[in-house]
Structures are given as C-alpha cells and as structure tokens.
Amino acid sequence: MWDREGRAFSTYKRMPSRDHSAVTDVEENSAHSQNNMDVQTTDPSWWLSFPHVVVATLASFLFGYHLGVVNEPLESISLDLGFNGNTLAEGLVVSTSLGGALIGSLCSGWIADGVGRRRAFQLCALPMIMGAFISATTKTLAGMLIGRLLVGTGMGLGPSVLALYVTEVSPASVRGTYGSFIQIATCLGLMGALFIGIPIKAIAGWWRICFWVSTIPAGFLAFFMIFCAESPHWLYKQGRSAEAEAEFERLLGGPHVKYAMAELTKLDRGDAADTVKLSELLYGRHFRVVYIGSILFALQQLSGINAVFYFSSSVFKSAGVPSDFANVLIGVANLLGSVIAMLLMDKLGRKMLLLWSFFGMAISMLLQVAAANAFVSGSASLYLSVGGMLMFVFTFALGAGPVPSLLLPEIFPSRIRSEAVAFCMSVYWVFNFFVGLLFLGLLEKLGPQLLYSIFASVCMMAVVFVKKNVIETKGKTLQEIEIALLPQE
C-alpha cells in the first residue's frame, strides 16, 4: 500500500516518456551507468520520512484536543469560576479560541517562511503550553479567556504549517496517505479530550487536569521537532542548497537526492525571495488557485459539519442514547472514515474522494430532512436522524475533511504556498465561526427541514465545483500540478 501508487508520477523519480527506452537499455547493459542516472526507477522508502511526519502531526492532535477539551467540563468550569448560567460567558470560553485561531492562521504563512517549518511548529507549541497553564491555574473568567485565546493562536498556526510540512517532506507515492494522518490525529485529539473528561462529574476540579494534560503532547512537539528534518523546499528557497540536499538524504535516501534537487531547480523561477503581497493572492495570475482553495474550505464549513457536531447530543438524547455514548459513536464514525480515507487517498485519488464524500454528505442530510418530516413515525424518525448523522460524519471524514488541507499545499505554486495556505485557512476559521454562531438561530427560525435541505444543496454544489475546478494530484510532482493549474508565461 505504501509505495505501489504513483509509480508514473512520483515526485522524486518521474521522467519524460521519451527516456523510457534509454533507461531500459541501461538497466540491461550497465549497472554502473544506472547509478549515474538522475532518474530513479523505484519509490523512495516511506519509512525514512514517516517519523518526521508523525511528530509533526502532534500539532493536529493538539488542534483536535483543544477543540473538544471544554465541551464536557464547561459546566464545572462555569461553577468554579463563578459564571454559571451566563450563556454569553460560556459561549466566549468556547469561541475565544476560534478568534485566536484566526490570528494564528493569518500569521502562519509569514512565520513559516520567516523562521522555517520546524521553528514554526515550536512556536505553535509555545502558546498552547502557556495558554493551557493559564487555563488550568486561573480563578477568574478573564484568565480563562486569555488562556483560550493563547491556545487558539497555536491552533491556527499548527494546521497551516503541518499542511505545508507534510506536502514538502513526503514522497509523492505516499503524500496522500501522510496527508490523511492530519485528519486521523485530529480525531484522536477529539476522542482524547472526551476520555480525559469522563471523570469530570466525579472528581472536583478535574477540568484543570484536562488542561494540564494538553501540555504533554505540546512539549513533545516542541522537543522532538529539534530532531526532525527541515523542509528541503524552504531551505532551497533560502539559498541553502547544501542543507536541502542533506535533508533530502534523510527523508528519501541517497539514491534519490540528485533527482529531488533537480525537481527543486525546475520549480525555482528566481523570484522566491520576493515578498508575497496579499494583492497577488486576490487577483492576477495566482487568483485561480487561491479561489479554488478558499471555496473548498468555505464549502466544507457550509456543508453543515459543525452544525451536526453541535446538534448531535440533543438528537441522540431524544433517541434515548446517553450523550457520552453518542459522542463516542460520533468519534468512532469520524475515526473510521479517516482511516479508510488514508487507505484510499493514494489509490482512488483526492478528487474522487472529494466527489463521493460531498455526495454522501448530501444524501445524509436528505435523511435528516426525511427524519424531520411530520409524516414519518416517531421511531422511524429517530433511526433516520441518528443514522443520517453518523453517515454524515463518516462520509465527511472520507474526503471533505482530510482532502482540502492536503490538496491546497499541492496546488499552490512554491513561491506563494505558505502565504496562500495561510489565507485559505483563515477563510476556514471565519466560516467556522459564523456557522457556529448562527446555526441554532437559523434552526429555530427556518426549522430543521429547510435548514438541512440548504446543507444538502451546498453539498451538491460542492460536487459540481469539485468536478469542474479540482484537478487530480495523486502521485504527481508539485511541478506537474503547478503547470496544470498555472500555465507558464
């Protein structure tokens, strides 16, 4: 599974078709000449880059953990800090981290380009440690909000840098599989927060332990990044070619270094050192790829995924399912879909997973519409509602969840990659915030049938958008993707 796919387009070994016969002759006649060829006929070992990617995905684990860490303990926090019954204060505790995430996301591209990917990960861990410490020790609402804001900046910085790092250190044959690790780590973080919060009602002050625990993976991320490879793409852009070559040897193995460096040379247009301006992302020759990335994240959020998460507990409760068990079911559906996506990403490709994922989400929302129909009996309504909700989360995790954060760094040209990812991730956080803010009000005014019909329509719009605008990037070099989306001038 790890290295069957992408044989024709592997990032570090692809060659023009006109050279195929020459390579065959060399293989048959001269092992010595074979060793001197730039082109490699085998994929780089996935095992060399695997540890670096695993350490980096701690950023995604922390992202998921901090998304879910206040859900169960919120009542205990409000009682201990003296704002119980104040819905505004409770909402701020949950949403302040989203404001911090927007700030972190907006700055992520310039930080990643300024100090490198490894140091950016360490800078991501620092506010998470500080924020968790403040949240765990505070005795006031203000302290909790400051802690959540700091944690949020790390939540916004981490996923953007992680998407860049995974794209730039992974061999093309397993880049999709590695990209799926991001979603899996997020699921594990959410489930970790759920399990850590189980004793919350039995042990007084346990919510403080929930925050303390998060400092452990954040500390691991900051420490183990010291031993991880820096992105060769970033090093090359800084004019540090010898260091980029050394990192390629760590990530791919010696036989693949020469071709990997040749690929970087092809991607370099001599303008990498120029400052990327916001205007370049909003119009001009880079507009199309930024438009695709931004719309993908907007459609992801407008599909209703957060609405499903917010409303799941009450739906399950009405079906007689305890909220704790309901959260476990949602977590299992999310994790199962993410694991299947990992297995299929480099086989079926990004575009195919996106298409079927959004289509499945649309069908799931139609099941919710049917469940809300007055003509459906009570038991049938509950089964449709619960089944549709689990199906929605599962199909989301198959493609709409993991693919955009992997696809974006692949489709952006090298020169604007970090800034463009930062911009699109900011779009993600803005839509995330407004969907969470407006969902319950819209549900009350429009009713579940109309609102879920709108979500289903958005999912079908996403199918059409993906079909018309997204290219398949499975196994292709970053240069091939760039040429396909941005013809050379």
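Okay, first the ground rules. What we have here is a predicted model, so I'm describing local features where pLDDT is at least 70 and side-chain atom pairs at pLDDT 80 or more, while totals for chains, interfaces and linings use all residues. Residues are numbered from 1 along each chain as its sequence is written, and side-chain values use heavy atoms, with hydrogens and water left out.

Let's start with salt bridges. In general, side chains of opposite charge can pair when their charged atoms come close. The cut-off here is a side-chain nitrogen of Lys or Arg within 4 Å of a carboxyl oxygen of Asp or Glu. How many salt bridges does a search of the whole structure find? The count is 9.

Take Arg 417 and Glu 168, whose side chains meet at 3.1 Å, N to O. That pair ties together distant parts of the chain, with Arg 417 in helix 21 and Glu 168 in helix 8 (residues 141-169), 249 residues apart. When I say helix, I mean a DSSP run of H or I with at least four residues, numbered from the N terminus. Arg 417 and Glu 168 are both buried. Buried is under 20% relative accessible area, exposed is over 50%, and partly exposed is in between, using a 1.4 Å probe and protein chains only.

Next up is Glu 410. Its side chain meets that of Arg 175 in a salt bridge, at 2.5 Å from N to O. Here again distant parts of the chain are linked: Arg 175 sits in helix 9 (residues 175-196) and Glu 410 in helix 20 (residues 403-411), 235 residues apart. Both Arg 175 and Glu 410 are buried. Glu 410 also forms a salt bridge with Arg 350, where the closest N and O atoms are 2.7 Å apart. Arg 350 is buried, as is Glu 410. Elsewhere, salt bridges with shared partners join Asp 113, Arg 117, Glu 168, Lys 237 and Arg 417 into one network.

Staying with helix 20: why do I call it largely enclosed by the rest of the structure? Because 9 of its 9 residues are buried. Among them are Val 403, Pro 404, Leu 407 and, of course, Glu 410. Glu 482 is in helix 22 (residues 478-485) and counts as buried, because its relative accessibility is 3%.

Now for a helix pair. Two packed helices are described by the angle between their axes and the distance between the axes. The axes of helix 7 (residues 117-137) and helix 10 come within 8 Å and cross at roughly 160°. Helix 7 and helix 10 are therefore roughly antiparallel.

Which residues can we look at in helix 10? One is Ile 209, in helix 10 (residues 206-224). Ile 209 is partly exposed, because its relative accessibility is 34%. Between Ile 209 and Thr 137, the C-alpha distance is 9.8 Å, with 72 residues separating them in sequence. Ser 214 is in helix 10 as well, but at 1% relative accessibility Ser 214 counts as buried. The C-alpha atoms of Ser 214 and Ala 193 are 8.9 Å apart, and along the chain those residues are 21 apart.

Last stop, helix 21, which covers residues 417-469 and includes Leu 446. Leu 446 is partly exposed, as its relative accessible area is 35%. Leu 446 is also part of a nonpolar surface patch, together with residues including Val 430, Phe 433, Phe 434 and Ile 454, and the whole patch has about 730 Å² of accessible area. Val 464 lies in helix 21 too, and it is partly exposed at 44% relative accessible area. Val 464 and Phe 359 are 105 residues apart in sequence, yet their C-alpha atoms are 9.8 Å apart.

Note on methods: Helices (H or I, at least four residues) and strands (E, at least two) are DSSP runs, numbered from the N terminus. Patches are made of residues with over 30% relative accessible area and no salt bridge: like charges are joined within 9 Å, nonpolar side chains (Val, Leu, Ile, Met, Phe, Trp, Tyr) within 5 Å. Accessible areas come from the Shrake-Rupley method with a 1.4 Å probe; for residues, only the protein chains shown count as cover. Axes are lines fitted to C-alpha atoms, for helices over the stretch in contact, and angles run from 0 to 180 degrees between N-to-C directions. Angles under 35 degrees count as roughly parallel, over 145 as roughly antiparallel, 65 to 115 as roughly perpendicular and the rest as oblique.
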